[in-house]
Amino acid sequence: MAEYSAMIDDHTIRGTSTPEKDKMLEVKGLKTYFFTSKGVIPAVDDISFTVSRGRILGVVGESGCGKSMTALSIMGLVPPPTGKIVAGDIILDGKNIASLTEKEMCQIRGNEISMVFQEPMTSLNPVYTVGKQVMEAAILHQHLSKAQAKEKTLEMFKLVGIPEPKKRLDSYPHQLSGGLRQRVMIAMALICRPKLLIADEPTTALDVTVQAQILQLMKKLQTELDSAIVLITHDMGVVAEVCDDVTIMYAGKIVEQANVFEIFDNCLHPYTAGLLKAMPAFKENGERLYNIPGMLPNLLQLPKGCRFYPRCECASAICAEQEPDLVEVGQGHFVRCLKYRG
Amino acid sequence: MGEILIQSKNLKKYFVDTGGWLSKRKNTVKAVDNVDLEIYQHETLALVGESGCGKSTLARLLINLLEPTDGEVCYKGENIFSLSAEATKQFKKQVQFIFQDPYACLNPRMKVSDIIGEPLTTHKLANGTSKENRVEELMNLVGLRKEFMNRYPHQFSGGQRQRIGIARALALNPELLICDEPVSALDVSIQSQILNLLKDLQGQFGLTYFFISHNLSVVRYMADRVCVMFLGKVVELGNCKEIFEQPLHPYTAFLMNAAPIPNPRLRNRERLLLEGEVPSPINPPPGCSFHARCPYVQEICRVEEPKLTDRGGRKCACHFSLT
Amino acid sequence: MIGFIVKRIISSIPILLGVTLLIFILLHIVPGDPVTLMMNEHVDPDTIVRVRAQMHLDEPIFVQYLNFIWDALHGDFGVSYKLNRSVATLLLDAFPNTLLLAISAMIFSWVVGVPAGILSVVKKYSVIDYFFMGSALMGVSMPVFWSGLLLQYIFAFKLGWLPVSGFNNPLCLIMPAVVLGWGAAGTIARLTRSSLLEVMGNDYIRTARAKGLQTIAVLFNHALKNSFLPVVTVMAIQVASMLSGSVITETVFSIPGIGRIAVNAIQTRDLPLLQGSILFTTILVILGNLAADLLYFLLDPRIKNK
Amino acid sequence: MESQQQAIEQSQYLEESFFAELIQSFKQNKSALVGSIVLVLFISAAVLAPFIAPYDPYNVDMSQQFQRPSAQYLLGTDMFGRDILSRIIYGSRISLVIGLIPTLISMVIGTILGLVAGYYGKKTDYIIMRLADIVMAFPSLLLAMVVMYTLGASLLNIFIAISMVNWAGTARVVRSQTLVLKEKEFVEAAKIMGVKNWVILLRHLFPNCIPSLLVLFTLGIPDAIMSEATLSFLGVGVQPPMASWGLMVSTGKEFLFMAPWVAIVPGVAILIVALAFNFLGDGLRDALDPYLKQ
């Protein structure tokens, strides 16, 4: 059977400093709020991060932490009328796309940035063939003829490993399994060779063996296509498998940011530590799991001070009063906690 | 190991879809196909497998929620499908269920006190003050504040709802709890709270768990023994640690191998990945159900169905063995 | 495909039988003897007995029912008591008028209802949306007989643009079609709107937007086909309500159609005629439902490939 | 630490109760609010008719025939010189009763049959649903007319006619909801506990159908009012001299070009009340949306 080799592959650990030209996406001070009848929900509150060419950034957090909304904000798909980007820059390959009009954004979406969603079962239109749905993006953005687009779709289907690609062009979504649908989604996302791919929990709805295939595929495509990938997930296992950099979110804010080895070896924020310690994978049968007490705060009634303090074991009196900033504690390692304010 | 608490014998559940009259189609889904399984007192037996392998059907057969096509389930030696009305009532007190979806498993129109108290009123064990006291006791047990008694389910978070579900299951002092993916809908930080609670309750009341999950690290943490299912059949059964460290059936090995490991330094480990998809359980091929995807397939696998046989304290349904 | 159609047609048979049985029972528990009603008061009792036998009214009700079904299968719906003509001929003469009215009303309701529904979605929460939805609700809340009178008063009497009633030139068709189609248009507009809005909330719509399609393209290329499924069903069912709603429209505008025959038959207690006209309308309704099923089948690949 | 945690737990998920939320959402929905106000006026008019009607609705006075609306007769008089306003106020009683009672009867029948059909399935379901199909296949107006023809025109028979036609729609909706609900895990949980079937129907399934029943009920009332008006218009409903709105339009239509108000005004009453119920029903549907979709 396969032995898990504990070897560290040298080229997987790349430098953390990013040359300016390699920056594919830079998000600066992004704020996306929802204005509801019950109050303002700061779903994404002052988020900044950078993704470079050829790297995978993992955005990690629990439900309601704002990770999906961050993705939709980058895509310009925040659901109106309640949701709104209230501040921040989104710089894609040197161009600020946060200030674009809806019409201009339509030329970016699916072309320079594309997205893969969590539910492959519901993310494809049930009344059209998958071939037609994949072709649509190529016809729209690259102005190909139908025949050319079909050719290209076939090529993409082969690339993402869909068996019998020719036959599959004419299949309807309900005729495909979850794994195949997710491959179709990936083919659709990549057909215009985007600069940035956002994958929102792409494997959560899939079985373990299929999840492994899809993750493997994403890693393979990342090296082949040389684009940047933002991978949104709640699963630290998935992060460990594919991500280069990690951003941990809690209640709309980034609490920690570093490369993947720093996060696993040397995490500093109590929430990150709690997330890792709570994973049963690190425990032997019989040992008690670590609990993060309490539960996620209601974004309508956020505590004053640090958003994590009510659940934090290291909290002191000042945490209830003062909201910490995100500070750089090591090279490329940022933490939002008063313990590390220098 | 204790006494056998519940045991399935040649248990089968086939779903037949004839497509109505005037249709030549006849699909048989062998959701549970000839399953022999025993659960011992005070142990945690985990059931793993991918979607559509029959995990939920098996759980629902064990609790008499579905009628089997064939075979029996014996609880303390008696077949639960041929019990008298009175004995069925007793059985329903001793076996309880914890559901996957904390949102769907609680009636949104009932107060928490009524939800947790329903088993008590159904079996006429308590009412009025005695019911209220017992509900308070149960809420305390699962870590819910008794002030929440008069609230409705939508006023709780997912984790709290799962606690309500557990309190309801404990109301009748059951011996066996069937947990159908109890933590898969929960966030990581809440998941560990519920797993700890389940462990505590087992220690406190000597409960027996039949624990269904697709999350292998949860299974490894919770289980004493593990049962691996593939397309309605048990392919491997045995001690949890042994199965994780030294799987015998190729499918088990692939399953273990596919699970992500939360250690970035192991990411480039050599790993074998299964090709293709989880096959459909409709009209499965003859022979070993895994043969279409198995890299070690031999002629015999396509023809003859392997039996679940004893391999040094473990059971495995493969003509060969990985060791 | 053919199997599906055959199956649907066969499954309509029990419904048809049930409907005929229900009509038959309802109509034959009427107190009072139809023959006495039909005849003059001064007819001698012998004639009554003879006529009863001739019309098989002396046989048990179940036998009468079987006779009725048997005759109906041969296209014989009996003879009208009052008009003394074959019911089948009367109905066939009247049917084209009803059909013409229903088709014009249907076309009116589709041409108005569908675009109104789509526009309300495109301009959601705007003045246009409120205007269309307000008019749609008015259409649903307005009794047909009253809106007919209102239009007659305004367009025929006050403005003199259109003939008050009758059925002898195409202008005569305008008011009845609008009156009959308005309610249906309202329902269609409301349903199109709500169905579109619901579809627009689906995951695959987000996928289409993520592909870079503009809102209008998403609406027309991705949402419309899906949202049409419930609308089509309702449209076919509306054929039914229009055929029965035409009873009133035909009465108000004096159109010689099936509906008016039915009303006359009720008022004159003409049993065979009433029986025939209801059966005829019901068959049309069942055919409408059948058409809805088939359309659904054609539009939704999930059913087709199952 | 403990108190902090309690503080969040208490502040969180503290949503208002079902009715409080309903009222909250109504306050924001102006058309539903207007609808409710109109309905309150309508109901008070029906209840207080003898006290607020300016004239006796049945008092024939040929000298006052066809009076235009004026300060003396706010909505004019009809061909018998009866005050139209007073007749409309009295007519609201018929519309109210017709709106409520047959709708309620058909809702009860439809709910019971729908629950039973959906929960027990198989043959029971088949028979009930084919019955519903038969009723639905009927042009409902014609069925009602046949019933009226057979049983004769009276208020009671209108109840029967309308109830007979309308139960099928309710049964279908309740059945499809039951089909979804009975697959829910809370129903499974009840079965596991050994709860009896009728208790499951009553305690678990029925309460979850209430929001949609509420909407159906509100939208069924204007339908019933309209059916009565139509039957009366055709002369097979309420009989003269009773003041039914439909009948008033019907008798007034002969004089449409001479005295249009006689036929038009009662129709406006029907329109306003139907519109108000539809506004209310739509408002309820929006407000209950999360409960309808669960």
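In this predicted model, helix H10 of chain A (residues 270–277) has 7 of its 8 residues buried, so the helix is largely enclosed by the rest of the structure. Here buried means under 20% relative accessible area, with exposed over 50% and partly exposed in between (1.4 Å probe, protein chains only), while helices (H or I, at least four residues) and strands (E, at least two) are DSSP runs numbered from the N terminus. The buried residues include A:Pro270, A:Tyr271 and A:Leu276, and what covers them includes helix H8 (236–242) and strand S9 (245–250) of chain A together with helix H6 (188–205) of chain B.

We turn now to chains C and D. Their contact, which means heavy atoms within 4.5 Å, takes 44 residues from chain C and 37 residues from chain D. Between them the two chains bury about 3,800 Å², 82% of it on carbon and sulfur atoms, where buried area is the accessible area (1.4 Å probe) that two parts lose on being put together, summed over both. On the side of chain C, the residues that lose the most area to chain D are C:Phe145, C:Trp146 and C:Ile266, together 17% of what that side buries.

The two chains are also joined by 1 salt bridge, a side-chain nitrogen of Lys or Arg within 4 Å of a carboxyl oxygen of Asp or Glu. This salt bridge pairs C:Arg190 with D:Asp282, whose closest N and O atoms are 2.8 Å apart.

Residues are numbered from 1 along each chain as its sequence is written, and chains are lettered from A in the order in which they are written. Local features need pLDDT of at least 70, side-chain atom pairs count only at pLDDT 80 or more, totals for chains, interfaces and linings use all residues, and side-chain values use heavy atoms, leaving out hydrogens and water.
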